[in-house]
Amino acid sequence: MTNDYTHTMTNIVFEVDGLPFEREREREREREIEFISWLAHEFAAIAMKTQSSIHYLCKSSSFLFSILLLIISPISTAASSHGLKNDLFPEILRDEAVARLYELGKISDADGYLERTFLSPASIRAMNLIRKWMEDAGLTTWVDGLGNVHGRVEPPNANKKALLIGSHMDTVVDAGMFDGALGIISAISALKVLNVTGRLRHLKHPVEVIAFSDEEGVRFQSTFLGSAAIAGVLPVSTLQVPDKSGLTVQNVLKENSIDTTEENLSLLKYEPESVLGYVEVHIEQGPVLESVGLPLAVVKGIAGQTRLKVTVRGSQGHAGTVPMSMRQDPLVAAAELIVSLETLCKNPQDFISNDGPDGNCNAMSVKSLSGSLVCTVGEISTWPSASNVIPGQVVFTVDIRTIDDVGREAIIYELSNQMHSLCDRRSVSCLMERKHDANAVSCDGGLNSQLKTAAYAALKRMTGEDIGDVPVLMSGAGHDAMAMSHLTKIGMLFVRCRGGISHSPEEHVLEDDVWAAGLAIQAFLETNL
Ligand SMILES: NC(=O)NC(NC(N)=O)C(=O)[O-]
Ligand SMILES: [Mn+2]
Ligand SMILES: [Mn+2]
């Protein structure tokens, strides 16, 4: 029985269920035993191999050797009775993967919180580390013209169509360490397991892990820079988009010895016939998996999104001498507009008619809007930003998401109408610019059923029992998979995260869920053997 949770789009924070965290403490105890047992096995192996030289070196070695075995054997018996599941590779898919998540999570441009934006100094350090991990897994690596890090295995006699697996290495500001990173690290770890077990070269298709350079769009506000370039849908004009310091995308690439131009940008595009499909592992960034007590889900589709930049200009003046009735205050106008945006997005049905003029919506769109529309003002800045000056200008961002693209356009149309009438009434000028648009996308049913089967298999191997379900969820968060859907079919695997919290240092994934994600990707890759 498959439960369909696609109606769920909101991030209600659920009380954290203590049970999984109890299991984490149990795992801590198990890991101690595993470590002692590993140590014991290592001692035993060394002792066996060097028994003769031990014998020679310290005459009474048999006495010493038997003391050693007396110490080792009960520990190793206890450990093996603990059912050490060596064929589940916890050392690689859990312990090393978790250690790498923490290591990468410390690479930041900021002191005290995690921030890693497009080709920043921290991003360069992260790129080098990810490349090292890819090579440790037996992959051939390179960095492309948009700063994406690639790791590829080209098995002999393999089919030409490659399976792409990826996620992003950039972060938001004050980010969690799992958003993006988990998808990169679990893919590398799964390939490392195939490598250490000698199966990497027997894959039927080439497999390429891609760590994308910019999914969050924090530095340039346009997102999916890396994945859109590979999918061949990055407008060349993006190279000239400036960041807050005035540096363009092209300048930043050039600063890092990457010479990407309008002329050679198209060389980054992959040909559809060279790609089998794209798969992404990502934290859910929502509360559903935790609320149903399951670690993994597949993704049915990803909500569409638009990012706007709104500039409101008024009459800058002295806070002490301009009468209230004579002010043209852009900050108060912006505040009223932001509250109107919230009212519109909480009750779209009150504003969007089924048969309106341009931007009209059918009843389906209005219904889907009410269930999935979310709007956010995440950034606001004023000029000159002094306490005794009536601002001259205010700039703020608007992030609008819904599963219905027609509905999203209708909301933008309504917001624009409201903005212009409000600004006329307040005698301020308003400008709305579109910085980013991505239509809603559906994941491929075939890829998703393979991911679902792999997730079942992984969880059954981990727990030894049939788990209840691998749910099907909609994603309110955007992903590089949206851009990659222009190139090939896409599939996504979601991993439970504590409280559904993301874009926050409180973001957390259980170690066993990291392990489950790696095992699921390994099982998925093994269908390609
Ligand atoms: N997985 C994400 O956090 N993606 C974020 N980035 C984009 N581009 O959607 C977002 O804001 O949802
Ligand atoms: Mn994110
Ligand atoms: Mn993400």
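## Report on a predicted protein model

Strand S7 (residues 304-313) and strand S12 (residues 393-402) run antiparallel and are joined by 10 bridges. The structure is a predicted model, in which local features need pLDDT of at least 70, side-chain atom pairs count only at pLDDT 80 or more, and totals for chains, interfaces and linings use all residues. Residues are numbered from 1 along each chain as its sequence is written, chains are lettered from A and ligands numbered from 1 in the order in which they are written, and side-chain values use heavy atoms, with hydrogens and water left out.

**Overall composition**

The secondary structure comprises 15 helices and 16 strands; helices (H or I, at least four residues) and strands (E, at least two) are DSSP runs, numbered from the N terminus. Of the 529 residues, 52% count as buried, where buried means under 20% relative accessible area, exposed over 50%, and partly exposed in between (1.4 Å probe, protein chains only). The accessible surface of the protein is about 23300 Å², and 57% of that area belongs to carbon and sulfur atoms. Such areas come from the Shrake-Rupley method with a 1.4 Å probe; for residues, only the protein chains shown count as cover. Among contacts between residues at least 6 apart in sequence, 78% join residues at least 24 apart, a contact being heavy atoms within 4.5 Å.

Two strands pair if DSSP finds at least two bridges between them. In S13, Ser429 is the bridge partner of Arg313. On the S12 side, Gln305 has Arg401 as its bridge partner, and Thr306 stands opposite Ile400. Eight of the 10 residues of S7 are buried, and nine of the 10 residues of S12 are buried.

Strand S12 also takes part in other antiparallel pairings. Strand S9 (residues 374-376) is joined to S12 by three bridges, with Cys375 opposite Ile400. Strand S10 (residues 380-383) is joined to S12 by four bridges, with Trp383 opposite Gln393. As a general point, side chains in a regular strand alternate between the two faces of the sheet.

**A pair of helices**

Two packed helices are described by the angle between their axes and the distance between the axes. The axes of helix H5 (residues 121-136) and helix H6 (residues 181-196) come within 8 Å and cross at roughly 25°. Axes are lines fitted to C-alpha atoms, for helices over the stretch in contact, and angles run from 0 to 180 degrees between N-to-C directions. H5 and H6 are therefore roughly parallel to each other; angles under 35 degrees count as roughly parallel, over 145 as roughly antiparallel, 65 to 115 as roughly perpendicular and the rest as oblique. From H5, the residues Ile130, Trp133, Met134 and Asp136 meet Ile184, Ile185, Ile188, Lys192 and Asn195 of H6. By class, this contact has six nonpolar, one polar and two charged residues. Here Ala, Val, Leu, Ile, Met, Phe, Trp, Tyr, Cys and Pro count as nonpolar, Asp, Glu, Lys and Arg as charged, and the others, Gly among them, as polar.

**Individual residues**

His282 is placed in strand S5 (residues 275-283). Not counting residues up to four places away in sequence, His282 touches Ser167, His168, Asp179, Gly180, His479, Met492, Leu493, Phe494 and Val495. His282 and His479 are 197 residues apart in sequence, yet 8.5 Å apart in space, C-alpha to C-alpha.

Thr117 belongs to the loop between helix H4 (90-105) and H5. Leaving aside neighbours within four places in sequence, Thr117 is in contact with Asp109, Ser123, Thr171, Val218 and Arg219.

The table gives relative accessible areas for several residues.

| Residue | Relative accessible area | Class |
|---|---|---|
| His282 | 1% | buried |
| Thr117 | 10% | buried |
| Gln221 | 19% | buried |
| Asp174 | 33% | partly exposed |

**Backbone features**

Most residues other than glycine have a negative phi, and most peptide bonds are trans. Asp174, in the loop between strand S3 (162-168) and H6, has a positive phi near 60°. Gln221, in the loop between strand S4 (207-212) and H7, has a positive phi of about 65°. The peptide bond from Trp383 to Pro384 is cis, with omega near 5°, and Pro384 lies in the loop between S10 and strand S11 (389-390).
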